[in-house]
Amino acid sequence: MVSVPRLVIAAPASGSGKTTVTAGLMAAFAERGLDVSPHKVGPDYIDPGYHALAISSAASSAGRSRAGGARPGRNLDAYLCGPQRIAPLFLHGAAGCDLALVEGVMGLFDGAAGQGELASTAHVAKLLRAPVVLVVDASSQSRSVAALVHGFASWDPEVRVAGVILNKVGSDRHEAMLREALEGCGVPVFGALRRMREVRAPSRHLGLVPVAERQAEAVDSAAALAARVREGCDLEGLLALARGAPPLSEPVWDPEEEIRRAVEAAPGAGGRGDRAARPVVAVAGGAAFTFSYAEHTELLTAAGARVVPFDPLRDERLPEGTGGLVIGGGFPEVYAPELSANKPLRAAVAELAASGAPIAAECAGLLYLARSLDGEPMCGVLAAEARMSERLTLGYREAVAISDTALAAAGTRVRGHEFHRTTIVPGAGAEPAWGLVHPERRTEGFAQGNVHASYLHVHWASVPGAAARFADRCVSPAG
């Protein structure tokens, strides 16, 4: 049994202010010296970046930086990883923390389309047995707020809506009216926040601009959020609520154990026993490639690889001794001219692919490997052209590996997520990476030698054998 003080920060609907309130709470608690563990329900890569920055910048400004570095923002997605892994992944990420804060997704009860509560904030809250604090946009209501909160608190008796934070409150009089309305609701108010004009979180075609692209401004915003939360929220009350969460009995997720089991289940499929010759896996980062799950690096390391980050916008060479390459998601379409201008790196990536080294590319990585992106030359590994599109492609997918690749044996079934406003022609190679089976049937991506390139984002915690298989195919420093 493990006791982890924890809260889930939810809302009735998107746009209520979950991300700003959650980041403000994280920063405010970090300023007080608490080791805060940040989590996000769903597949979103961007919000966890703001969470991690809010905590690290607040702790640093207070002179209380965490030994061993900042905690990464982590995702809890019951669709991608399976409900059975949510508590173990949470316990792994939150190990040793003073407080874990979990930001929800969309409205409290909104989950995977057509699949009931699966992957909703409510579902994850139940799996974690965590109290829920509801962030309510009160800007256009007064007494009606009581009906709204009562409805959310009573809809599912297994979800404990234990508190409310009133957001976008207009005035002292408005706040008094809201508090009076909620007095008989049975759900305590833990805070009331005024509209925060000085906190700016710019958006573009796929949502918030990632923190890596606006670091200085985001730090200032986090400080402003922390100040507002200190003034407007009952931090002691929220902390007491979090500390009242019951212990969890699930096992802690362990990447080493996951790799061991994956190798045992598929003999010969991976697992580097010789740690003296750890292959170097280069992982793309920087402003153009900001989407990644922390568990991927942990699984690659457990599989025997040495993970080395690099920035395709700045670095003209791959890391020394690169034997494999991972290029995750991000916004290469925003930086297409700069990526194209880095000709030495584009040539190095093409040469690595030609050598037979494994390359795993997701979404942004797929675009980077194409011949061109919006007319700008890219790496030319794939005989395909990519461009921006008016159409947003978004949603969960079920897929099966069509052929053996660096990530999966033929027949391997996975759950993934698509999120892009670009298109690539052709959409699949002669050997596609995946056959999508739900909610639509089509082939997708490219399986070309040891190159696996696709729009589909897959969380490797659900298929740890992917990391073992990838590391096994990498070239070690000794060749």
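Mentor: Start with strand β1 (residues 6–10) and strand β4 (residues 99–103), which run parallel and are joined by four bridges. Helices and strands here are DSSP runs, numbered from the N terminus, with at least four residues (H or I) for a helix and at least two (E) for a strand; two strands pair if DSSP finds at least two bridges between them. This is a predicted model, with residues numbered from 1 along each chain as its sequence is written, and local features need pLDDT of at least 70. Side-chain atom pairs count only at pLDDT 80 or more, while totals for chains, interfaces and linings use all residues, and side-chain values use heavy atoms, with hydrogens and water left out.

Within that strand pair, Leu7 has Leu101 of β4 as its bridge partner. Both strands belong to an open sheet of seven, ordered β3-β2-β4-β1-β5-β6-β7, with parallel pairing. β3 (74–76) and β7 (189–194) are the edge strands; each has a single partner, so one side of each has no neighbour in the sheet. From one strand to the next, the twist averages 25° (angles run from 0 to 180 degrees between N-to-C directions, and axes are lines fitted to C-alpha atoms, for helices over the stretch in contact).

α6 lies across β5 (132–137) and β6 (161–169), and runs at about 150° to β5; contact means heavy atoms within 4.5 Å. Helix α9 (residues 235–243) also packs on the sheet, where it touches β1, β4, β5, β6 and β7, and its direction makes about 115° with that of β1.

α6 has a helix partner as well. Spanning residues 144–155, α6 packs with α7 (residues 172–182) at about 45°, the axes being 8 Å apart. The two are therefore oblique to each other (under 35 degrees is roughly parallel, over 145 roughly antiparallel, 65 to 115 roughly perpendicular, and the rest oblique). On the α6 side the contact uses Val145, Ala146 and Val149, and on the α7 side Leu178, Ala181 and Leu182. By class this contact has six nonpolar, no polar and no charged residues (Ala, Val, Leu, Ile, Met, Phe, Trp, Tyr, Cys and Pro count as nonpolar, Asp, Glu, Lys and Arg as charged, the others, Gly among them, as polar).

Pro255, Glu256, Glu258 and Ile259 of α10 meet Glu298, Leu299 and Ala302 of α11. This contact has four nonpolar, no polar and three charged residues.

There is also an open sheet of six strands, in the order β11-β10-β12-β13-β21-β20, with mixed pairing. Its edges are β11 (306–310) and β20 (446–448), each with a single partner strand, so one side of each is left without a neighbour in the sheet. Neighbouring strands are turned by 15° against each other on average, direction ignored. β10 (residues 280–284) and β11 run parallel, joined by five bridges, and Ala284 stands opposite Phe310 in β11.
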